[in-house]
Amino acid sequence: MSHYIHGTVKIKVSGPMPEKFINLCVMKNIFLWGLTKKNEGLFVCMSLSDFFSIRPIVRNSKNHIKVVKYYGFPFLIKKIKKRKMMVIGLILFLCVLNTLVSYIWFIDIIGNKAIPAQQIRDLIAENGLRPGMLKSDIPVKNIENQVAFTLPEVAWVGIRFTGIHAVVEIVEKTISKPQDKEPADIVAVKDGVITEIIALSGQSAVKKGDTVKKGDVLIKGVSYEGAMVDSTTINPPQQKIRAKGIIKARVWYESYGESELLTTVHERTGRQEIGVVLRIGQQEFQLKKVAVKPGDLVEVDTFKKKLFWWRNHDIIVESTISTYYELDEKRVEIGIEEAKEQSKSRAFTSLQSLIPETAHVVSRNIEVLQMPEKNLVRVKVNVETVEDIGEFTSITIKNEDSAPPKYN
């Protein structure tokens, strides 16, 4: 570090006795370092202040010296003095940059889901937060309070500055959906066998152990208030209500998966070619074309890029770069057990979209099917669950449905 501050000069010493020059420098207490010897002479480093005092030593040693390199703070100052306009320009640039970062040029709205971002932008703009505003002139607390007061859906709002960005973070209130009170029945959404049914509101239309099909009514949205229901009751008073209850049923799912023992795969060979198309408006120009013959195995990756200095113009100017990868076809053979595992995995994957997350899986049965094709392994998967199969549907009360159900 001290060598850089005081300045360092690297010289080449050439002549009949370069070693004599070194010895005389040592006798004069001149500090030397980095001594190397090559065919053309000796190379050595010394401080800038010592360099100006070696003229008598060079003359006495009958050698010649040549400066091959110099560096350090004194030389940097000398360069700066020669390039005053560059230094002034750098200082002006730093001043302008410091001024620009004192203003807000971009506003980012994050965290909002139900509230439109434009509505928030308009509101904060009315209260003093707009692009081009000086950071120190923005009333952050007042804007936060106005947003929270004006928008009842907002639970919390915070504003922070990140460089030239103002980040407005919104936390919305969790508003529970209004409970639907429209009269409705509960019907079966899929086939099953009832394992549990509890009618909290309405009248049960099925009982435990009944087999139901999709669309069958499970709980009727009908209430019989103040009626003595017996064999002599005719048309007891009724009203439409929204049925409520707990319905559990056993449901069965079935799926198939298959896998081939001998399959064909394609792998990239490493050879590739690139095609480039330039589009200007509706016209396309083929800058570099790739010839693909019929029957060639290739994989194409396409990347489109608009010219950055043309993004705000009405005419579209973009380039399309297509990379063509040559493929090699291979035959891959797998074992029976691996084929069974692949088939089972595919069967379970197809069932995942059918079985609800809340369903309780009771049993799984996996069966390997005998196939006439020797190259094919097929697996059948049966899954039994217990789950809620009820869903609401609007009711229409008919005369024959006016009496409550009877069970012997």
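Helix α5 is the element that contributes most to the lining of the second largest pocket, supplying four residues. In this predicted model, that pocket has a volume of about 190 Å³. Besides α5 (73–82), α3 (48–51) and β4 each give two or more residues to its lining.

Strand β1 (residues 8–14) pairs with strand β4 (residues 64–71) in the antiparallel sense, through seven bridges. Within that pairing, K10 lies opposite K69 of β4. β1 also runs antiparallel to strand β3 (residues 41–47), and six bridges join the two. Here K12 has F43 of β3 as its bridge partner.

S47 belongs to strand β3. Is S47 buried or exposed? With a relative accessible area of 16%, S47 falls under the 20% limit and is therefore buried. The side chain of S47 makes a polar contact of 3.0 Å with the side chain of D50. A further polar contact, of 3.3 Å, links the side chains of S47 and S49. Leaving aside residues up to four places away in sequence, S47 touches G7 and W33.

Most residues other than glycine have a negative phi. N29, however, has a phi near 60°, a positive value in a residue other than glycine. N29 sits in the loop between α2 (18–27) and β2 (33–38). Its relative accessible area is 71%, over the 50% limit, so N29 counts as exposed. K62 likewise has a positive phi, near 55°, and is not a glycine. The loop that holds K62 runs between α4 (55–61) and β4. K62 is exposed, because its relative accessible area of 64% is over 50%.

Which strands pair with β10? One is strand β24 (residues 390–394), which pairs with β10 in the antiparallel sense over five bridges. In that pairing A188 stands opposite G390 of β24. The other is strand β14 (residues 217–220), antiparallel to β10 and joined to β10 by two bridges. V187 has V217 of β14 as its bridge partner.

Strand β11 (residues 192–201) contains I198. The relative accessibility of I198 is 36%, which lies between the 20% and 50% limits, so this residue counts as partly exposed. Not counting residues up to four places away in sequence, I198 touches I219, K244, G245 and I246. I198 and K248 are separated by 50 residues in sequence, and their C-alpha atoms are 9.2 Å apart in space.

The largest pocket has about 230 Å³ of space. Which residues line the largest pocket? They are R271, Q272, E273, V290, A291, V292, D296, L297, V298, Y324, Y325 and E326. Strands β18 (262–280) and β21 (317–333) each provide at least two residues of this lining. By class, the lining of the largest pocket has seven nonpolar residues, one polar residue and four charged residues.

These regions can be set against the whole protein. The secondary structure comprises nine helices and 24 strands. Of the 408 residues in the protein, 29% are buried. Among contacts in the protein with a separation of 6 or more, 68% are between residues 24 or more positions apart.

Technical notes
Residues numbered from 1 in each chain as written. Predicted model: local features only at pLDDT ≥ 70, side-chain atom pairs only at ≥ 80, totals over all residues. Heavy atoms only, no water. Pairing = 2+ DSSP bridges. 1 Å grid on protein atoms, 1.4 Å probe; cavity = no way out; pocket = protein on both sides within 12 Å on 5 of 7 lines; lining within 4 Å. Points joined across faces, edges and corners; volume = space filled by probe spheres on them. Nonpolar A, V, L, I, M, F, W, Y, C, P; charged D, E, K, R; others polar. Buried < 20%, exposed > 50% of the residue type's maximum accessible area, 1.4 Å probe, protein only. Polar contact = N/O pair within 3.5 Å; in protein donor to acceptor, adjacent residues only side chain to side chain. Contact = heavy atoms within 4.5 Å.
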